Amino acid sequence: ILFHNKRFAQTYGSDSNVVDGNIFNMFDANTVRSLKTIMTHISTDEPMEFFGKIRNAKGELLSLTGYISALPGNISHYEIIFEDVTEKMRMLSEAKKLEEQSIIAGFARHLSHNVMNALTAAGGFIRQVRAKTENTLHLQNLWHIIDDKLVLIEEIVAGYNDYTHATSIRK
């Protein structure tokens, strides 16, 4: 069975415009049974609608609607026309990507929250140690460096929290 359609072949995943093979291999088993049943009962007068699932090159099943009609002649010929699944495939791919990004953003928020908690505890401990140590010029300089680094880490983690929160809201 040959079928020829450049857009379908690209969507289905073939490098060629002509896909050679059994067209029924593209559908799931229930759709194949439905199509074969329709083919045995169809007349040339009216096309019949069918609903089913088609398998793309990645093996994903997509729901589709189509029509099948018998062509006039001495030999059984059928025309199967179904909806363009390009948009469905794009939406499915986009949904998977958004789900993955949402999972990663949630993990990142959780991680940065835990880092911020540890940082808060470390900052409290450092303040207690600072209050109990001698206050020389050299130690003041060291404490100033430690304070600056803690503030920098807090700003980075807070910025990351804000970014992951904004990213998850946009989705």
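## Stop 1: Two hairpins

Start by selecting β4 and β5: they form a hairpin with 5 residues between them, and glycine 73 in the turn has a positive phi of about 145°. Strands here are DSSP runs of E with at least two residues, helices are runs of H or I with at least four residues, and both are numbered from the N terminus. This is a predicted model, in which local features need pLDDT of at least 70 and side-chain atom pairs count only at pLDDT 80 or more, while totals for chains, interfaces and linings use all residues. Residues are numbered from 1 along each chain as its sequence is written, and side-chain values use heavy atoms, with hydrogens and water left out.

β4 and β5 pair in the antiparallel sense over 6 bridges; two strands count as paired if DSSP finds at least two bridges between them.

Pick out glycine 52, whose bridge partner in β4 is leucine 64, and methionine 48, which stands opposite isoleucine 68 in β4.

## Stop 2: The whole sheet

Which order do the 3 strands of the open sheet follow? The order is β3-β4-β5, with antiparallel pairing. β3 (48-55) and β5 (77-82) are at the edges, each with a single partner strand, so one side of each has no neighbour in the sheet. Neighbouring strands are turned by 40° against each other on average, direction ignored; the axes behind such angles are lines fitted to C-alpha atoms, for helices over the stretch in contact, and angles between N-to-C directions run from 0 to 180 degrees.

## Stop 3: The helix across the sheet

Select residues 29-41, helix α2, which lies across β3, β4 and β5 and runs at about 150° to β3. Its end C-alpha atoms are 19 Å apart, which agrees with the 18 Å that 13 residues should span at 1.5 Å a residue; the expected span is 1.5 Å times one less than the number of residues.

Show the side chains of Thr31, Val32, Leu35, Ile38 and Met39, the buried residues of α2. Buried means under 20% relative accessible area, exposed over 50%, and partly exposed in between (1.4 Å probe, protein chains only). Seen down the axis of α2, these buried residues fall within an arc of 130°, so they line one face of the helix; the arc is that of the directions from the helix axis to the C-beta atoms. They pack against β3, β4 and β5, in contacts defined by heavy atoms within 4.5 Å. On the other side of α2, Asn30, Arg33, Thr40 and His41 are exposed.

## Stop 4: The nonpolar core

Next, select Phe27, Leu35, Phe50, Ile54, Leu64, Ile68 and Phe82, the residues with the most contacts inside the largest nonpolar core, which has 17 residues. Such a core is a set of buried Ala, Val, Leu, Ile, Met, Phe, Trp, Tyr and Cys residues joined through side-chain atoms within 4.5 Å. The elements giving two or more residues to this core are α2, β3 and β4. Centre on leucine 64: not counting residues up to four places away in sequence, its contacts include Phe27, Phe50, Ile54, Phe82 and Val85.

## Stop 5

Move to helix α3 (residues 86-132) and find isoleucine 126, which counts as buried at 19% relative accessibility. Beyond its neighbours within four places in sequence, isoleucine 126 is in contact with Trp143, Ile146 and Leu150.

Serine 112 is also in α3. Is serine 112 buried or exposed? At 5% relative accessibility, serine 112 counts as buried. Leaving out residues up to four places away in sequence, serine 112 touches Val157, Tyr160 and Asn161.

Finish with tyrosine 160, placed in helix α4 (residues 137-170) and partly exposed at 39% relative accessibility. Apart from neighbours within four places in sequence, tyrosine 160 is in contact with Ala108 and Ser112.
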